[in-house]
Amino acid sequence: MREVTLTSGDRVLFPEDGVTKGDLFSYYERIAPVILPHLRDRPFTLKRYPHGISGEVYFQKQVPRGAPAWIPTRQFTTHPREGGARQVDFALVNSPDVLLWMVQMNCVDMNAWYSRVDKPARPDYVVFDLDPPDEPDGFELAIEVAHLIRGLLDEVGLPGYVKTSGADGIHVLAPIQRRAGFDDTYAFAEAASRLLEQRHPGLLTTEWLKRKREGVLVDHRQNGWGKTIASVYSVRPKPGAPVSTPLRWDELTPDVRPRQFTMAVALERVERYGDVYAPVLEDSRPLGAAARALARLS
């Protein structure tokens, strides 16, 4: 492994908590064995916080100028919102030194594609992104909805694995064989979310406009080519430096709150349980059969 020189290690990135760049560097150095399998060979987007989490954030898909030659990259065509097409060299976070270099670049969370470079049009999972309402019991409602998603996935023969987003919501990932495209995963997530919306009116919604929502948003729109997700074990740019933490389903009880999963807690859980999210990379199932089963339920 190449040695990555940390500079400005005493820079405070979380002003309310005193968490420094050096603290992040130490955490990612220790968590590397379990986070790297979830990042490997996935095009990576840098979210840089040089002035801390309350300062301006810089999104970079293109590997920055001056990056070390040993950082692997892969070029893809992207289509910016302003139109046109652009060739972008994406970094691949395949080793501990690249992971630590991202921290040196002031990345707080690690954001990568759902697909890998050998089959970029074939995602590894369907993503259910749960966004709770701004209510005192909003996260508790999201926990209830996460269990409903798991139940529906069981009905159609797909496994589901849950993690806190580390921010304000919950992610449920359903690993699939790399045969389906992003149109397929989008359609499946939309159909599943709308079915649950019909079954449980008022508890969850697929409504994008916030003023029209009632209940927990299940955002199927997060399934798309080039979309990124904050990886499991990522620190998130929120007060307390919470970590996107995988849970066993029996741990997802109504009293769980995302901010309780700090860097220290995440490391202790890995020490005790290993990588609870490893099955996301190992337990894939065909999406086609699940989609047909879902159509029969609808």
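How many cavities of 30 Å³ or more does the structure hold? In this predicted model there are two.

**View 1. The kink in helix α1.** Helix α1 comprises residues 21-39, and its end C-alpha atoms are only 21 Å apart. A straight helix of 19 residues would span 27 Å, at 1.5 Å a residue. A kink of about 75° lies at A32, shortly before the proline P33. After α1 comes D41, with a positive phi near 65°.

View 2. Buried in α1 are K21, L24, F25, Y27, Y28, I31, A32, V34, I35, L36, H38 and L39.

**View 3. The largest cavity.** This cavity has a volume of about 120 Å³. It is lined by 15 residues, of which H38, Y125, I229, S231 and V232 are the closest to its centre. At least two lining residues come from each of α1, β7 and β13 (228-230). By class, the lining has 11 nonpolar, two polar and two charged residues.

**View 4. The second largest cavity.** Its volume is about 40 Å³. The lining consists of Y233, T245, P246, R269, V270, Y273, G274 and V276. Helix α5 contributes the most to this lining, with three residues. Five of the lining residues are nonpolar, two are polar and one is charged.

Definitions and conventions
Residues numbered from 1 in each chain as written. Predicted model: local features only at pLDDT ≥ 70, side-chain atom pairs only at ≥ 80, totals over all residues. Heavy atoms only, no water. Helix = DSSP H or I, 4+ residues; strand = E, 2+ residues; numbered from the N terminus. Expected span 1.5 Å × (residues − 1). Bend = angle between axes of the 7 residues up to and from the residue. Buried < 20%, exposed > 50% of the residue type's maximum accessible area, 1.4 Å probe, protein only. 1 Å grid on protein atoms, 1.4 Å probe; cavity = no way out; pocket = protein on both sides within 12 Å on 5 of 7 lines; lining within 4 Å. Points joined across faces, edges and corners; volume = space filled by probe spheres on them. Nonpolar A, V, L, I, M, F, W, Y, C, P; charged D, E, K, R; others polar.
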